[in-house]
Amino acid sequence: MRDMERKGILIVVSGFSGSGKGTLMKELLARYPDTYALSISATTRNPRSGEQEGREYFFKTRKEFEKMIAKGELIEYARYVENYYGTPREYVESKLAEGKDVILEIEIQGALKVREAFPDTLLLFVTPPTAEELRSRLVGRGTETMDVIRSRMRRACEEAEGMDRYDYLIINDNLEQCVMRMHAIIQGEHDRISRNREFMEQIRAELVSMKGED
Ligand code: 5GP
């Protein structure tokens, strides 16, 4: 293998709240800690029980969040069911520069903004196999009131309209297989012609320079 830096890919993973994408991400990172970096978002929503500052999210007041927006510290942000969520810029840019594939687990408005700013972004959409499964996961989680569950189901309806803006659909029927499929998709993406311009330029130049040798 020639000594050419492998560039990190920016990956957005979206999916209905309750699609299991959080568990999927945790598993992917646990298996391939040297390959992936997961961006931690800032949010104005309250921590759920068991969530820790700086692990699931950076929990902010609305005022602090608005300050981050004003200072340009977020790559994108969106409102989702009454709260702000946004992606801090610094971590994403430094990990990509290190050659890591950086994953943003964000909703669709943010996903589309990221793709506008970074057209090479790979967009993956995670869905449970059925809508019924989605509802029972949200209820079973036991962390939300019925009102919040209803608004998340309504939001899922809207988000379902946007699924075809994504590059790949990941149907989360089996965690193990899903992790393998997701890893294969992302790693396959590294071989795409459009992501290997530098290599192609180099080998073309080498071939041209060899023409005169025989
Ligand atoms: P939750 O409250 O369930 O943790 O997240 C609600 C939604 O916000 C999920 O769809 C999640 O992917 C999305 N989200 C989390 N962080 C961000 C972010 O930084 N930006 C955007 N646009 N969405 C986010």
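Modeller: A definition to begin with: a charge sits over a ring if NZ of Lys or CZ of Arg is within 6 Å of the ring centre and within 35 degrees of the ring normal.

Colleague: Which ring does the charged end of Arg-79 sit over?

Modeller: That of Tyr-84, 5.5 Å from its centre. Lys-113 lies over the face of Tyr-77, at 5.0 Å from the ring centre.

Colleague: What should I know about the source?

Modeller: This is a predicted model; local features need pLDDT of at least 70, side-chain atom pairs count only at pLDDT 80 or more, and totals for chains, interfaces and linings use all residues. Residues are numbered from 1 along each chain as its sequence is written, and side-chain values use heavy atoms, without hydrogens and water.

Colleague: How many aromatic pairs are there?

Modeller: The structure holds 9. Rings of Phe, Tyr and Trp (its six-membered ring) pair if their centres lie within 6.5 Å; planes under 30 degrees apart are stacked, over 60 edge-to-face, the rest tilted. Tyr-77 and Tyr-84 have ring centres 6.0 Å apart and planes at 75 degrees, so that pair is edge-to-face.

Colleague: Is Tyr-84 buried or exposed?

Modeller: Buried, with a relative accessible area of 13%. Tyr-77 is partly exposed at 31%. Buried means under 20%, exposed over 50%, partly exposed in between (1.4 Å probe, protein chains only).

Colleague: Which residues do ring pairs link into a cluster?

Modeller: Tyr-57, Phe-59, Tyr-80 and Tyr-85.
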